[in-house]
Amino acid sequence: MRFLFCFWILVGLIHAPLSASQSVARGRNEGTLSIPASNVVGNGNITAHTHVRAGYGANGPTLSPSVGGMIGIGGVLQAAGNFELFSLQSTGLGLLESHLQATIPGNDNFRFLGAALRADLYLSTALDTISATSDAEKPDYNPYLYPSIIVDFDFLAKWKQVPLKAYLFASMADNPQLLHQYRQVSLISGLEWKMFQHSVFADMGIGFYKEKATRLNRIGDKTFQQYYAWVQPGGRYRLFRRFSLTGGFRFVIRKKLKEQSSLHPALAEFSVRLEAPVYFRETNTEAIRSLVFIEQSKEKSDVARSESMPRLYREVNAGFAEIRDSTETFDYSKEKQDLIQQRKEIRNKMEEIELLFEGLDEEVESE
């Protein structure tokens, strides 16, 4: 029993600080590398990030490092921005973009279905010398404002043993640097196995392109004649329970291009993104997610203890069985009868001895 008591104390000391030691600075807006979550970052929360993309296509190597950040507004709004420091495919500075995302009411809680509408503003820095309003000596740098829709499904809210999240993302900017030349539609879907700290995901997307009427092509395309499809496996790794490092490898699996005015997509591209919370307060969504994983961890430890307890009971019961077996070989009633019989025999012998002493005394007196 003393061994069992010490065992339970040891288990308690190991698992008592579980919830405190597993706190993670995780934003509820964390999605995959190509798809943002429909949640917003949380009122007042600020996150900074840096993103590097490097690839290779028909036009040679590509490289575009960028920096940006996001801030939560009022619990249902999020403002984000991203600025490319440079791009090998264009001269000078890279693309400047900003996004204002509004999520549906109640999406700040732990839910199964979430959705958001986003306004995307792109300030292209690509040299636009082909638009009807531009010329070779005075290129245009036109802004482009388009909507996008985000829908995701968090299966953990329905089934606590399935930390799976599915994403759908539709936008009108597949490659923002080509918005001056092509109308675009981008459709992306993704699956993420979202564990307590880390995750693995796989995105699949397709981009459709319709060439606009330009000085070089007065008619333009009547339909989306070009497209290319890609897949991107990757994962998210948590550094020091605070910083998030997300990486993935994208490669084209199918494409349809025109012979003239053809697209030149990057056939293979590697991306890595580092996110750092500047100001972080845990949201209800991620607090509940943490509790779910902590509860699962406790359940697993309880199962491990329950599996180990029979062995302890067998050891203890075996010890008691040995004592019980040894006591069962000792018959108290039989031993008592034997002792009574021995006492009777001793008493009879004592009486015989007393009779002998009495006989001796009589002989001594007669003499």
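Colleague: What should I know about the model and its numbering?

Modeller: This is a predicted model, where local features need pLDDT of at least 70, side-chain atom pairs count only at pLDDT 80 or more, and totals for chains, interfaces and linings use all residues. Side-chain values use heavy atoms, without hydrogens and water, and residues are numbered along each chain as its sequence is written, from 1.

Colleague: What is the volume of the largest cavity?

Modeller: On a 1 Å grid over the protein atoms alone, a cavity is a set of points where a 1.4 Å probe fits but cannot get out; lining residues have an atom within 4 Å of a point. Grid points are joined across faces, edges and corners, and a volume is the space filled by probe spheres set on the points. The lining of the largest cavity includes Arg-28, Asp-154 and Glu-286. Its volume is about 40 Å³.

Colleague: How many salt bridges does a search of the whole structure find?

Modeller: Side chains of opposite charge can pair when their charged atoms come close. A salt bridge here is a side-chain nitrogen of Lys or Arg within 4 Å of a carboxyl oxygen of Asp or Glu. The search finds 13.

Colleague: How many residues apart in sequence are the parts tied together by Arg-236 and Glu-30?

Modeller: Arg-236 and Glu-30 form a salt bridge, with their closest N and O atoms 3.8 Å apart. Arg-236 lies in strand S10 and Glu-30 in the loop between helix H2 and strand S1, so the pair ties together parts whose separation in sequence is 206 residues.

Colleague: Is Glu-30 buried or exposed?

Modeller: Buried means under 20% relative accessible area, exposed over 50%, partly exposed in between (1.4 Å probe, protein chains only). The relative accessible area of Glu-30 is 6%, so Glu-30 is buried.

Colleague: Which strand holds Glu-275, the partner of Arg-236?

Modeller: Arg-236 also forms a salt bridge with Glu-275, at 3.8 Å between the closest N and O atoms. The two are 39 residues apart, with Arg-236 in strand S10 and Glu-275 in strand S12.

Colleague: Which residues are linked with Arg-236 in a network of salt bridges?

Modeller: Arg-236 and Glu-275 are both buried. The network links Arg-236 with Glu-30, Arg-238, Arg-273 and Glu-275.

Colleague: How many bridges join S5 to strand S6?

Modeller: Two strands pair if DSSP finds at least two bridges between them. S5 and S6 run antiparallel. Gly-114 stands opposite Asp-152 in S6. The number of bridges is 11.

Colleague: What is the area of the nonpolar surface patch with Val-278?

Modeller: Patches are made of residues with over 30% relative accessible area and no salt bridge; like charges are joined within 9 Å, nonpolar side chains (Val, Leu, Ile, Met, Phe, Trp, Tyr) within 5 Å. Areas come from the Shrake-Rupley method with a 1.4 Å probe; for residues, only the protein chains shown count as cover. Val-278 counts as exposed because its relative accessibility is 55%. The patch area is about 620 Å².

Terms used: Helices (H or I, at least four residues) and strands (E, at least two) are DSSP runs, numbered from the N terminus. On a 1 Å grid over the protein atoms alone, a cavity is a set of points where a 1.4 Å probe fits but cannot get out, and a pocket is an open set with protein on both sides within 12 Å along at least five of seven lines; lining residues have an atom within 4 Å of a point.
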